[in-house]
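Let's take a walk through a protein model together. Have a look at the picture below, and then we'll go through it piece by piece.

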Amino acid sequence: MFRRTFWFTAGAAAGVWATTKVNRKIKQLTPESLAAQAANKAVEAGHRLKDFALDVRDNMAEREAQLGDALGLSEPAEGELPPQRRFAVVENTFSAKQPKPIEYNARNAYNNRNEDH
């Protein structure tokens, strides 16, 4: 009698456990749940990408400072800038013929017809 009760209780517990497990998995696979999971993953990826960009920017500034120190660019400039170069203007000797304006005559009057009348 006790053995039957034990196995009946164990079977019922296993059935409840399996049913609960299946229902949880079904709820995870609904379209709304999948959309929420995708949105959470996208937000998480965005945060990781932002952190990466900030790390790159910080390391880039640090490296630029190191290179500036190594090349002596961080020290103030000595003296003034050289004067600006001025180039002589070369005269344009190219003489092209200007096109002649079209004169009005009866032969080309057809180009100015108003066709809406």
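What percentage of the residues of the protein chain count as buried? Of the 117 residues, 2% do, where buried means under 20% relative accessible area, exposed means over 50%, and partly exposed is in between (1.4 Å probe, protein chains only). Before we go on, bear in mind that this is a predicted model, where local features need pLDDT of at least 70, side-chain atom pairs count only at pLDDT 80 or more, and totals for chains, interfaces and linings use all residues. Residues are numbered from 1 along each chain as its sequence is written, and side-chain values use heavy atoms, with hydrogens and water left out.

As for the fold, you'll find two helices and zero strands. Helices are DSSP runs of H or I with at least four residues, strands are runs of E with at least two, and both are numbered from the N terminus.

Let's zoom in on helix α2, which covers residues 31-71 and includes L49. L49 counts as exposed because its relative accessibility is 58%. Together with F52 and V56, L49 forms a nonpolar patch on the surface, with about 310 Å² of accessible area between them. Patches are made of residues with over 30% relative accessible area and no salt bridge; nonpolar side chains (Val, Leu, Ile, Met, Phe, Trp, Tyr) are joined within 5 Å, like charges within 9 Å.

Charges matter for the next stop. D51, also in helix α2, is partly exposed at 45% relative accessible area. D51, D55, D58 and E62 gather in a surface patch of negative charge. Here Asp and Glu count as negative and Lys and Arg as positive, while His and the chain ends are not counted; the place of a charge is NZ of Lys, CZ of Arg, CG of Asp or CD of Glu.

Side chains of opposite charge can pair when their charged atoms come close. The structure holds one salt bridge, meaning a side-chain nitrogen of Lys or Arg within 4 Å of a carboxyl oxygen of Asp or Glu. R48 and E44 make the bridge, with their closest N and O atoms 3.8 Å apart. Both lie in helix α2, four residues apart, about one turn of the helix.

How values were computed. Accessible areas come from the Shrake-Rupley method with a 1.4 Å probe; for residues, only the protein chains shown count as cover.
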